[in-house]
Amino acid sequence: MQYSQKVMEHFLNPRNVGEIEDADGVGTCGNPICGDLMTFYINIEPKTDDLHMARIVDIRFKTFGCGAAIAVASMASEMAGGKTLFEVTELTRQDVADALDGLPPVKMHCSNLGVQAIQEAIKDYLQKIGRPDLAKTIQGCPKKSEHNNQ
Amino acid sequence: MIYLDYNATTPTDPRVLDAMLPYFQARFANPSSIHRAGHEARRAVEKAREKLAHLVVARVDEVYFTSGGTEADNIAVKGVAFAQNKRKKIITSAIEHHAVLTTCEYMTKFGFEVVKVPVDPHGIIDLNFLEDAVDDNTVIISIMHANNEVGTVEPITEISKIAHRHGIVFHTDAVQTVGKLPIDIESMGIDMLSLSGHKFCGPKGTGALIARTGIRFDPLSHGGHHEHNKRAGTENVPGIVGLGKACEIAMTEMAEEEKRIRLLRDKLWNGIREKIPDLILNGHPEKRLANTLGICVRYVEGESLLLHLDMHGICASSGSACTSGSLEPSHVLLAMGIPHETAHGSIRFSLGRYTEEAEILEVIRVFPKIVEKLRVISPLSKK
Ligand SMILES: Cc1ncc(COP(=O)(O)O)c(C=O)c1O
Ligand code: FES
């Protein structure tokens, strides 16, 4: 198994590492028991429930996981930063994997986590501003059993 | 390159290579041939057999050359089980190498029951459990001499006593100990033993099964009369000569080498432990191979550690799930009761003949920085 240069570059110098105090949204996916855990923190401007208007203006993450997991989090944070919430909900793990010049097939289970954890943070934001109905329409993390089947 | 993965494999000692080279061209003959060139090759094979027998205190006719540890393990477990049809239970341990574990699992297809003896948190097998598990239905006990991941050395003499009280064959996978620790199959009560050349500076693809006189076992491969009808196929003459040379070197240098390596290993452990909090030593604190340092680095994942080390030219290995392509971390660490979350952060440094102090100092310098960097990223670290 060999990682692409892009993966190694993000793994060695991950962007946007850290936490945001009192973030507008926080989302966590994964499970340390499976060897991967990702938490994203996002700030949103303007703070509206219009998914086409609200943008991610700051994004930070923390990751426990393999080289791919760290690279995926870093790349996903770059791809989501500055985008509207609608645009972020359209991101797929394939987009992230492609941006990293591909991931080994055995690494697909952790490549999911990047986009999912950011979407989870968006759900958290929508809940906080009083739109749990909208939050439900966004995918976020899969159920635990699904994760184990991958 | 700083190579600290000797439990995975070792470089071939130049003296071993020199001994082997003539047998590829000048002395290439088949040991079974009747001409003088053949006799010469036969003499080389038998000379190697003597050296190997000497190293583990066996008789020369108790040595069967194989292609390595895996094949020796297969012949022992399958061979003994298939050579009889009364006993239907195989006892092994929860921390065996896959060469034994997968072989035992295969035997369930033929109606054999497999019992895995659990281990304590240090990786020592539970002798009381073993005592309760053995019965007149047990055909073989296969328990390793020392574990490859954590280095824990098992109480072989006690195990053999339990086996022999019930007329059970005792096999041990000694792939990680032959050439590193003194072995005397007679006084340790070992009926069968597997060894592998490439773990002690011999060539890859070489090894042997030692089987005491009187132990009945079926061969795996059928064909010519090689190795007393137990392992058909033209002998790997250069490999066997190299294995013999590796045994001869180990015989004279093992004791000194063990002392030197133990000092370096302990220096490494003390050096990184001083700088890195929340490290867990894997395996038994004393009853452990002198060259093996298995640790769990809490809050980080093993593959990330390996990748960073590799960027610094340092080779090590990990029992993390992410290096194996499965979601489960090492079965050895889990059997020792280490939580999943911690087992994912395992890393193994294994030292050997060519490890130098300067290399250890370099790892002590680099490794804490790597851990620090990954812990900053980790959501599990305490702030
Ligand atoms: C304990 C143990 N048994 C068996 C083997 C397999 O030996 P070989 O590589 O010679 O087949 C190894 C090495 O990978 C080992 O460490
Ligand atoms: S976190 Fe386990 S494979 Fe990526």
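## Shell around ligand 1

Helix 3 (residues 69-82) of chain B supplies the largest share of the shell around ligand 1, namely 3 residues, where helices are DSSP runs of H or I with at least four residues, numbered from the N terminus. This is a predicted model, in which local features need pLDDT of at least 70 and side-chain atom pairs count only at pLDDT 80 or more, while totals for chains, interfaces and linings use all residues. Residues are numbered from 1 along each chain as its sequence is written, chains are lettered from A and ligands numbered from 1 in the order written, and side-chain values use heavy atoms, without hydrogens or water.

The shell holds 13 residues, the closest being Gly69(B), Thr70(B), Asp173(B), Ser196(B) and Lys199(B), with a heavy atom within 4 Å as the criterion.

## Polar contacts of the ligand

Oxygen atoms of ligand 1 make polar contacts (N or O pairs within 3.5 Å) with side-chain atoms of Ser196(B) at 2.6 Å, of Lys199(B) at 2.8 Å and of Gln176(B) at 2.9 Å.

## Nonpolar cores

The largest nonpolar core has 77 residues, of which Ile272(B), Ile347(B), Phe349(B) and Phe367(B) touch the most other members; such a core joins buried Ala, Val, Leu, Ile, Met, Phe, Trp, Tyr and Cys residues through side-chain atoms within 4.5 Å, buried meaning under 20% relative accessible area with a 1.4 Å probe, protein chains only. Helix 2 (residues 67-80) of chain A gives the most to this core, with 10 residues. Apart from this core lies another, of 58 residues, including Ile156(B) and Val178(B).

Terms used. Buried means under 20% relative accessible area, exposed over 50%, partly exposed in between (1.4 Å probe, protein chains only). Helices (H or I, at least four residues) and strands (E, at least two) are DSSP runs, numbered from the N terminus. A polar contact is a pair of N or O atoms within 3.5 Å; within protein, one must be able to donate a hydrogen and the other to accept it, and residues adjacent in sequence count only if both atoms are side-chain atoms.
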